[in-house]
Structure formats: C-alpha cells, structure tokens
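Here is a short briefing on one protein model. Please look over the sequence and the fold before reading on.

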Amino acid sequence: MVHKLIRNRFAIIASLLIITVIFVIVYQFMWGSRQLPVIDKAPSFTMSDMYGKPVSLQESDGKVRLVSFHYTRCPDICQATNLNIIRIQQKLKEEGVLGNKTQLLTITFDPKNDTEEVLQRYTAERNIQPEGWRFLRGTPEQTKEVLDGFKVYVEDSGNGFLTHSNELFLLDGQENIRAIYKMGDQMDNEQIFKDMKALLQ
C-alpha cells in the first residue's frame, strides 16, 4: 500500500514536471526567448501635442510605450520610421491593445519649425491616425532635456536639415527603457511588436 502511494505520488510529480516543461516550451515558441532587461530609466517630461494639449509621460504609466523622434522636414529616415510605426499601430489595433494598453509617442527634434499647425498638416497629409499615437513638441529647452535624457544626439547641419541619432525606445509601464531599436529601413517591426506584447504579459 505504501509503495503504491509512493508510486502514485511520483507519477503525479512527474506529470506536473512534464506539463511545466511543455508550458515553457510553448511559451518560448510563442513569445520567443528574447529577454528584455531594464536598460535605463526614461526621462520624465511634459510636452504638448499638436493640438496644444499638455501630455506627460507619467499619464501613460501602466502602458507599454514606443517612443520615437522625428522632424517633419526630414527627407528620409524619419519618414520611413513613421511608415513603419503606422504598420505597428495597425497591428496593435488588431490585437485590441492600442491606446488602452499601449501608447505611441513621437517627439519632434525641431519644435521651432514643427509648430502645432505643421504637425497637424503633416499627419493629415500622411493619413496618420491619432488613435493611440501622440505627436509631441516642447520648448527648445524641454526638447534638449528629453534628448539628453534618452541620450539622443541631434545637431543642426545649417542647411535646413538635422543630423541625429537613429534610435527609438521601448518603455514598460514604469518608465523603464527595455529595448532600443534602429529607425527607418532597419526597423524590425515584427520584433518590436513581439517585444511590446511580451511586456504586456
């Protein structure tokens, strides 16, 4: 009788271990084995959107955020980046997490030229939908603080164009930077989407 109980207990433990291993394998297959360590803390900021409404980073705490930078006169990489973010926005919408669990934030390098009216026109001409996606601008001083906080480089080349870093940032709900990606044609939309979903877990 005792041996039978021991055998039954062993069988139950073995079954539980097998189930756990299967769960881990399935989880890794579905979500990937990529780990997202805390890289740095994002700088706190309050800027205004293209309608003049104040927007703070803190108000979206609890959401997974993708923070990018651009300026509307950028001839190449910024435009490619925003096209990719449009695709990510659509996938997040299809998953039902856009706006309520995830937030897209795009900050201009060039607040002097990217006025509220310019940003409104820019998004309208490109059919960029505002759902879950805020285009932000600050004063030159605010912008410098945010750029310094994210360690993003920008320099006025003097010919109407800016030389800048080519990075965008994934933030968790506690304002931690969890991943840094390349902008433009080097963006891996599938990986960004997968990482955002992983943080939602």
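How many disulfides does the structure hold? The count is zero, where a disulfide means a pair of cysteine sulfur atoms within 2.5 Å. This is a predicted model: local features need pLDDT of at least 70, side-chain atom pairs count only at pLDDT 80 or more, and totals for chains, interfaces and linings use all residues. Residues are numbered from 1 along each chain as its sequence is written, and side-chain values use heavy atoms, with hydrogens and water left out.

**Overall make-up**

- The protein has five helices and 10 strands. Both are DSSP runs numbered from the N terminus: helices are H or I with at least four residues, strands are E with at least two.
- Of the 201 residues, 44% are buried. Buried means under 20% relative accessible area, exposed over 50%, and partly exposed in between (1.4 Å probe, protein chains only).
- Contact means heavy atoms within 4.5 Å. Among contacts with a separation of 6 or more, 74% join residues 24 or more positions apart.
- The accessible surface is about 11400 Å², and carbon and sulfur atoms hold 56% of that. Areas come from the Shrake-Rupley method with a 1.4 Å probe; for residues, only the protein chains shown count as cover.

**Cysteines**

- Cys74 is buried, at 4% relative accessible area.
- Cys78 is buried too, at 1%.

**Aromatic pairs**

- A search of the whole structure gives six aromatic pairs. Rings of Phe, Tyr and Trp (its six-membered ring) pair if their centres lie within 6.5 Å; planes under 30 degrees apart count as stacked, over 60 as edge-to-face and the rest as tilted.
- One of the pairs is Phe150 with Phe169: the centres are 4.9 Å apart and the planes meet at 45 degrees, so this pair is tilted.
- The pair links distant parts of the chain, 19 residues apart. Phe150 is in helix H4 (residues 140-150), and Phe169 is in strand E9 (residues 167-171).
- Phe150 is buried at 4% relative accessible area, and Phe169 is buried at 1%.
- Ring pairs join Phe69, Phe109, Phe150 and Phe169 into a cluster.

**Val97**

- Where does Val97 lie? Val97 is in the loop between helix H2 (77-95) and strand E5 (102-108).
- Val97 counts as buried, with 11% relative accessibility.
- Leaving aside neighbours within four places in sequence, Val97 touches Leu92, Thr102 and Leu200 by the contact criterion.
- Lys197 is 100 residues from Val97 along the chain, and their C-alpha atoms are separated by 9.1 Å.
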